[in-house]
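I opened the model to look through its fold, one element at a time. My notes follow.

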Amino acid sequence: MKKLSFVLVIFLLNISFISCSVKEDDQALEEYKSESIQVEYSEMDYEIVEIINAYRVSKGLSSLNILNEASKEAILHNQYMVEQGEISHDYFFTRLENLKKSVNAKSVSENVGYGYSSTQSIVDAWLRSESHKKNIETPGFTDFGVSTTQDEKGRNYFINIFVKR
């Protein structure tokens, strides 16, 4: 069962809005540590939470709680994506391991996106994508982290990290 879950996570990571590469975690950046991140949520972050939770409730699923530890991971990865100028799932396994250690996560998944100007448009895009929609609709997830970051050109980068504890 663990092997099947691992294969499913790998498969889901390879699907995104544009072709994403995943850098090996043995190349993980030394500064890629979430303990120093200060969590502050933007209005867009709260809107994404509201939209996703309203959608989940409409499907008979439970609302997800905002988990600061997952948001720390999301904030750090969003900063990385802005620096790279593209969305990615690079260093996902570092985020997974960090959440296993910090909150005893049993399962972790993520959605990333880029360039959308509104929260509704990014959530709608995720819901049109089978793999991203599956993350949103997974009944076992209990919490999630969220981060929206804007680059110097005004483009938005989005990430949700879904957690089962």
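**Entry 1: Tyr157**

I started at Tyr157, which lies in strand β4. Helices (H or I, at least four residues) and strands (E, at least two) are DSSP runs, numbered from the N terminus. This is a predicted model: local features need pLDDT of at least 70, side-chain atom pairs count only at pLDDT 80 or more, and totals for chains, interfaces and linings use all residues. Residues are numbered from 1 along each chain as its sequence is written, and side-chain values use heavy atoms, with hydrogens and water left out.

Is Tyr157 buried or exposed? Tyr157 is buried, because its relative accessible area is 0%. I use buried for under 20% relative accessible area, exposed for over 50%, and partly exposed in between (1.4 Å probe, protein chains only).

I then listed what Tyr157 touches, not counting residues up to four places away in sequence. Among them are Asn78, Met81, Val82, Ile87, Tyr114 and Asp151. Contact means heavy atoms within 4.5 Å. Ser147 is also on the list of contacts. The C-alpha atoms of Tyr157 and Ser147 are separated by 8.1 Å, and the two residues are 10 apart along the chain.

**Entry 2: the whole chain**

I counted elements next: the protein chain has 6 helices and 4 strands. Along the sequence they follow the pattern α-α-β-α-α-β-α-α-β-β. Of the 165 residues in the protein chain, 45% are buried. I also checked the contacts with a separation of 6 or more: 76% of them join residues 24 or more positions apart.

**Entry 3: the sheet**

In what order do the 4 strands of the open sheet stand? I read β1-β3-β4-β2, with mixed pairing. β1 (65-66) and β2 are at the edges with a single partner strand each, so one side of each has no neighbour in the sheet. Two strands pair if DSSP finds at least two bridges between them.

I went through the pairs. β1 and β3 are parallel, over 2 bridges. Here Asn65 stands opposite Asp143 in β3. On β4, Asp143 has Val163 as its bridge partner. β3 and β4 run antiparallel and are joined by 8 bridges. They form a hairpin with 5 residues between them, and Gly154 in the turn has a positive phi of about 85°. β2 and β4 are antiparallel too, again with 8 bridges.

Ser109 stands opposite Phe162, and Phe144 has Phe162 as its bridge partner.

I checked how covered the strands are. β3 is largely enclosed by the rest of the structure, because 6 of its 8 residues are buried. Strand β2 (residues 107-114) is mostly covered, with 6 of 8 residues buried.

**Entry 4: Asn160**

Asn160 is found in β4, which spans residues 156-164. Asn160 counts as buried because its relative accessibility is 0%. Leaving aside neighbours within four places in sequence, its contacts include Ile48, Ile52, Ser109, Trp126 and Phe144.

**Entry 5: the cores**

Which residues touch the most other members of the largest nonpolar core? Ile48, Ile52, Val123 and Trp126 do, in a core of 20 residues. At least two residues come from each of α2 (43-58), α3 (68-84), α5 (119-128), β3 (143-150) and β4. α2 gives the most, with 5 residues. A second, separate core has 18 residues, including Tyr80, Ile87, Val103 and Tyr157. A nonpolar core is a set of buried Ala, Val, Leu, Ile, Met, Phe, Trp, Tyr and Cys residues joined through side-chain atoms within 4.5 Å.

**Entry 6: helix packing**

I looked at α3: it lies across β1, β2, β3 and β4, at about 150° to β4. Axes are lines fitted to C-alpha atoms, for helices over the stretch in contact, and angles run from 0 to 180 degrees between N-to-C directions.

Last, I took α2 against helix α6 (residues 130-137): the angle is about 80° and the axes are 10 Å apart. α2 and α6 are therefore roughly perpendicular (65 to 115 degrees) to each other. Ile52, Tyr55 and Arg56 of α2 meet Lys133, Ile136 and Glu137 of α6.

Key
Angles under 35 degrees count as roughly parallel, over 145 as roughly antiparallel, 65 to 115 as roughly perpendicular and the rest as oblique.
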